[in-house]
Structure formats: structure tokens, C-alpha cells
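Hi,

Here is the structure I promised to pass along.

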Amino acid sequence: MELPIYLDNNATTPLDPRVLEAMLPYFTNKFGNAASRNHAFGWVAEEAVDYSREQVAKLIGCTEKEIIFTSGATEADNLGIKGVFEMYQDKGNHIITATTEHKAVLDTCKHLEKAGARVTYLKVKEDGLIDLQELEAAMTDQTILVTIMYGNNEIGVVQPIKEISAIAHKHGALFMTDATQAVGKIPVDVNADGIDLMAFSAHKMYGPKGVGVLYVRRKNPRVKVTAQMDGGGHERGMRSGTLNVPGIVGLGKACELCRLEMDSEAKRLSGLRDKLETALTQLEESYVNGNVNHRLPHVANISFKYVEGEGLMMAMKDLAVSSGSACTSASLEPSYVLKSLGLSDDLAHSSIRFGLGRFTTEEEIDYAIENTKKAVNHLRDLSPLWEMFKEGIDLSKIEWAEH
Amino acid sequence: MAYSEKVMEHYTNPRNVGTLDKDSKSVGTGLVGAPECGDVMRLQIEVDENNVITDAKFKTFGCGSAIASSSLATEWLKGKTVDEALTIDNMDIVEELALPPVKIHCSVLAEDAIKSAINDYRVKNGMAPFELAKSHH
């Protein structure tokens, strides 16, 4: 077993060697531009892109023509939301999303507010799921788009996508989802789920960085988005720019591997995740964040009360994980996702996200359990809050000097 | 961002972790910060009849830099007179630990903890507390 152990697969995943192998020729002798229609170099590249489109389409249950390649999920989120807003402005200006969305969605919505959009940010319940009745109540005849993420990047909860899309459609709105964390991990089918637009990226599923997809429905209804970049009219005019052929080949291969291995992999990962979670919640005052019944198989987000996340990560120095603690970001604000669940700031500061992946082994999980337990106990020995808790002092009654 | 060697060293081998008897007249306790902000320091000093700090202990809830700052503070306090201790400036801690700008608040908190412990000691022993500068936050 090699150290450090990578348990941050929600941030990014390593490239699968099989994906790399598929990509390599397209960096060197198959270097053509997929838009070069009049020679063999172009045809080879175009053929590879078309094949990738098939592989992607098979994974999410759509047709090849509905796949728009982008530079990643952030671009796909931008293109989907801004593109729908501009295309459907005549129908209305209201967009509904949720407070726990990724910044690529939230900041895009904020941008549109300056351009005249009205945006409703749905709160989530304590378990991280949105309230369907609140969604229903928020719908108006001006609502053109509902965009709710499939699986959350911090806590892994999976939203009731079918029910959400049904409500959106009932009121004549389109439904979009940022499915970056879900595609390739759990079954996602755009028809069964009623999805009109969907953003995701390759590097979260063992593909390369710098390539992603916006799925745009072509039938029932035919959805159109206004291009956000002007240029050569690639991707049916919705996304100009020379196609990243090696990246797209890698994305296709990554999708194929995920499709073939998803069932067994999801079982294996949820087994390891449960083992980790069961062991770590045996520690006193530790809590799992988010709904444990509706979630991705590979994420565990746990708060260890009375220790601070960044300090804890330093003690877990052989583990690469992430924390909702403020100290890990420049903002000095703890995770807005955890705060949206109603977690107090101190519990948000105390959280650690474990993100398992295809290359995580049981041996690594066993090591992670021991390492984490040791680190939590060590930091609690250093923690004045732990000492006060143990003495029975009610910390909420103390007048802290906010700074 | 990687931590400086000195932060790592104090974090890995924190000096003077522990608790002094907060009810003793010779002990001053400073508890600063807030759980919501992600750091709380408790720093305690024991002072002898010559006004010399003979012992110092800390416990800190916070990031590595906060733990290192308080560990360093206890190390510096031991053997100093109370008056000397008052001259410890947060920028001395920043310099010694090579703290980046985003971690300067950890050193400020350590300075506040020192001053707050000294004032607790003074008040317990019938002296007026020092006026603390509140400009840091």
C-alpha cells in the first residue's frame, strides 16, 4: 500500500490506464482536426469523436446528436443555464435552483439576476434533500427552468430527480441537472429521469480533465440553447471551438468503463464506505451529514465535534481528504452546503469528506479508519472544547468573543 | 498551501499541552476565539511571587497554525515576567512560524490569549486589568 492514500475522488479522480491508452494515439499520429472534412486526418478524428458520442449516449440513455462537448461541467452549467435563459426569454424570466448547488450553477444564476432573471434558491431539508412541495409552490407561469443537481459534491445526497422533473414539466418549465457527481456512479437515464439538459465532466469518472458534456434534449421537447461563444459553429452551433479530440476519446472510454462496471463497483464502494462510516461513527460525538438512504455510493461526510477540520486533516497526513472547514478556503466561511443543512458553524468546521473511488482498496480503508481515529483522539486531547464538554459545560451558554 | 516546517514541528510535537488549576490564585486563564469561527484557544499561566511566569499550558481547537501559535506562545511565556510577556506581539509569532497572510488571525488570537490570561491573573490578585487594544478584529 502506497502513502498518501487518495480519498478525495469527489474533487477529481485519477485517469484510468485503459482510458489513457485509448487517448494516446490522438495526441500523436491521429492528431487531426475533427472539423477537417476533406482529408483522412480529419476523418479519423471525426470518427473517434463520433464513437465517443455513442459511448457517452449509451451511458445516459440518449442519442448521439444530443451530446454537446464542452471544456467541463462548469462550462456546461454556464451554457445550459445562460443558453436557456437567453433562448426562452420570451416565455419568462424565472429560474428555480437550490442553495446547495455547485458554484458553477449558483454563480451563473447570480450573473443572470443582473441580466433580469428572477431566481428562487430553494432551501434544503436537514438531510440535504429539497422539499417537493416547496418546489411546487415556487413554480409560476414565468418559470422557464428548474435546475437541481443530481448528487451533491459535498455530502453525496441524491435528489428525487424524477419527481422534480415531473413538477417542472407540469408547469411547462425545462428541467436541467448538474450530474457531475452522479453520471458513471449510479444509473442516470435522461428519459426515465425526465431530464432536458444535463451537465457533467470526464475527470470525475476516471477520464481526463478539460472535457465535459452538456446533454441537450432533441425530442419531446426539442430544447435549444443560445451559444455562449462565437466561432466556427461546432456542436450544432451551440458550442464553437475546435474539439478536444484526445479528451473526448478519453471521456467516451471512461463512460464505457463506468457503464460496464457500475453495478459491481457501486456495491463494492458502498460496502467500503459503510465500513468506514460505521467505524468512525463509533467515535463519540461524530455525525454523518446528509441523508443516508438517498446518496451516492462513494461519499461519506462526517463531523467530528470539538475538533477543527483543517487541524484534523493535518493530523491525517497520510490521507488526502477535504473539509468543510473555513480554514481550507480563502473565504474563512465554513461550507455553505453544510450550513444549508442547518448545521451550526462549529459542526461545519468539524467536517471531513471521504471520497472513495475505483482504485480505493479495503486495505486503504482499514488504514484510513485507524489514522482518522487516532487523529480525532489526538486533537480532542488538544481541544479546550472537548475538555469543557467532558466536564459537562454547556458550550452554547458561554459568551464567545466573535472575531 | 504547504505549512512551514516550524508550524509542522509545533503541530506534531506541541509544547505544554494541558490544564492548570483555574481556581488557583497564582493561575491566570485566557479563553479566546469562538467555535463558530473555527478557533478557540485556552492559555493558562502560573505566576510566582516575583511576577515570573513559571508554567504555561494551552489547549486549542483550530487549524494547525492556531495550534502552533499557541504552542509557541507557551514556550515563550515560561521564564518571562508578566511585564515582559505583555510585550509579545502577534507579528513576532507570524515571523517565527512564517505564517502566511491568511493565517495571521491565528497569531492575533494567541496574543489575545496571553493578554487575557494576564488580566485574569491580575484581577484575581486585586490588580486592575490592562486596557486591551481591540484593534485587531
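Predicted model: local features only at pLDDT ≥ 70, side-chain atom pairs only at ≥ 80, totals over all residues.

Chain A first. Its secondary structure comes to 12 helices and 13 strands. For 403 residues, a compact globule would have a radius of gyration near 22 Å, and chain A agrees with that because its own value is 22 Å. Along the principal axes, the C-alpha atoms of chain A fill a box of roughly 75 × 50 × 35 Å. Of the 403 residues in chain A, 52% count as buried.

Now to where the chains meet. On the chain B side, 24 residues are in contact with 25 residues of chain A. Four elements of chain B each give two or more residues to the side that touches chain A: the strands β1 (27–34), β2 (39–47) and β3 (53–61), and the helix α2 (64–77). Of these, β1(B) gives the most, with four residues. Sorted by class, this side of chain B has 13 nonpolar, seven polar and four charged residues.

Finally, chain B and its record. An unreviewed UniProt entry annotates residues 2–126 of chain B as "domain: NIF system FeS cluster assembly NifU N-terminal". Over residues 2–126, chain B is 45% helix and 21% strand, and the end C-alpha atoms are 46 Å apart.

Happy to go through any of it with you.

Best wishes

Note on methods:
Residues numbered from 1 in each chain as written. Chains lettered and ligands numbered in written order. Rg over C-alpha atoms; globule rule 2.2 N^0.38 Å. Buried ≥ 20, exposed ≤ 12 C-beta atoms within 10 Å, placed from the backbone. Contact = placed C-beta atoms within 7 Å. Nonpolar A, V, L, I, M, F, W, Y, C, P; charged D, E, K, R; others polar. UniProt positions renumbered as here; feature names shortened; annotations may be inferred.
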